[in-house]
Amino acid sequence: MSTYKILSLDGGGIRGLITSITLERLEERNPGFLSQVDLIAGTSTGGLLALGLASGLSPSQARSIYEEKGHIVFKDTFVGNILDAGNFIGAKYPVSPLRDELILQFGEKRLSDLSKKVLISSFDLDNNPQDPDITRNWKAKFFHNYPGADSDGDQSVVDVAIRTANAPSYFPIYQGYIDGGVVANNPSMCALAQAIHSSTGGQDLQDIVLLSLGTGHNPHYLPIQHGDWGVLHWATKIITLVMEGSAGLADYQCKQLLGQRYLRLNPILPYPISMDQVDEIPKMVEVADGINLDETETWIREYYLY
């Protein structure tokens, strides 16, 4: 039986370290596992990983980048806080350190130069031309390198990487785009849709297997049963709620459509860890090293390496 194998990688900022270590462990226990993947989908930090893996980066190399460069990308400064009024009127971090690292890794590569198919989520704030006959409207955007009329193969890997990873309030708007996590923090269902689309993946649903990796489930909750909340109350929570809350929807949909040919791995964190909390890197390593991979390994051997 020939199957079409999808790897889907969630967003989560520095918690992408958990994903990279998980992939490192899975590849060590199942040599050649990643080489079997046909499509890698990613959002935000998962988009960075997807692009890295598709360009030949190993999980171990990706792990090193998180551990060594995370403090640089998520470096807050006193001067920046003064200029941005403590993040109230400006993004928390400049995009330049992230861009510099991406240029170092990808150079001038285009999506068409990658060795595997990718699907990278972003959100277009409205890049339509100034045409009076077109109603301006923001919308989801999914960059891919499948051939065809709507291919994004000519797009710069660096630009697409930033467009998927610039979370609102954390990084500035980039080229009219913001982080794909606002629409699909878990891009599993988007990848499935792309794979069965007749003009791109062209796959039959029954031939698809999908492994979805999260960056750790944050144990958030609100200790209230009733609340007459307005903008002031929701403002500090809504971004996290939207970016993490949608992951469960994609999980449910893929599980219903694929059954046993779908597996989701997303460890529950011992306490909430934000996407820029680089001081929690040791805890993230501990969490990733402690994930029981027995079920995942059995599933991979049955559906990826049979």
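This is a predicted model: local features need pLDDT of at least 70, side-chain atom pairs count only at pLDDT 80 or more; totals for chains, interfaces and linings use all residues.
Reader: How do the axes of α2 and α5 cross, and within what distance do they come?

Author: The axes of helix α2 (residues 45-54) and helix α5 (residues 96-106) cross at roughly 20° and come within 11 Å. Angles under 35 degrees count as roughly parallel, so α2 is roughly parallel to α5.

Reader: Is that crossing left-handed or right-handed?

Author: The crossing of α2 and α5 is left-handed.

Reader: Which residues meet there?

Author: From α2, the residues are L48, L51 and G52; they meet L98, L102 and F106 of α5. By class, the contact of α2 with α5 has five nonpolar residues, one polar and no charged.

Reader: Turning to cavities, how many of 30 Å³ or more are there?

Author: The count comes to one cavity of 30 Å³ or more. The space in the largest cavity is about 370 Å³.

Reader: Which residues are closest to its centre?

Author: The lining of the largest cavity has 23 residues, and T45, L48, I65, Y66 and L98 are the closest to its centre.

Reader: And which elements give two or more residues to that lining?

Author: Those elements are α2, α3 (59-73) and α5. Helix α3 gives the most to the lining of the largest cavity, with six residues.

Reader: What classes of residue make up the lining of the largest cavity?

Author: The lining of the largest cavity divides into 15 nonpolar, six polar and two charged residues.

Technical notes. Residues are numbered from 1 along each chain as its sequence is written. Side-chain values use heavy atoms; hydrogens and water are left out. Axes are lines fitted to C-alpha atoms, for helices over the stretch in contact, and angles run from 0 to 180 degrees between N-to-C directions. Helices (H or I, at least four residues) and strands (E, at least two) are DSSP runs, numbered from the N terminus. Angles under 35 degrees count as roughly parallel, over 145 as roughly antiparallel, 65 to 115 as roughly perpendicular and the rest as oblique. A crossing is left-handed if the near helix is turned anticlockwise from the far one by less than a right angle, and right-handed if clockwise. Contact means heavy atoms within 4.5 Å. Ala, Val, Leu, Ile, Met, Phe, Trp, Tyr, Cys and Pro count as nonpolar, Asp, Glu, Lys and Arg as charged, and the others, Gly among them, as polar. On a 1 Å grid over the protein atoms alone, a cavity is a set of points where a 1.4 Å probe fits but cannot get out, and a pocket is an open set with protein on both sides within 12 Å along at least five of seven lines; lining residues have an atom within 4 Å of a point. Grid points are joined across faces, edges and corners, and a volume is the space filled by probe spheres set on the points.
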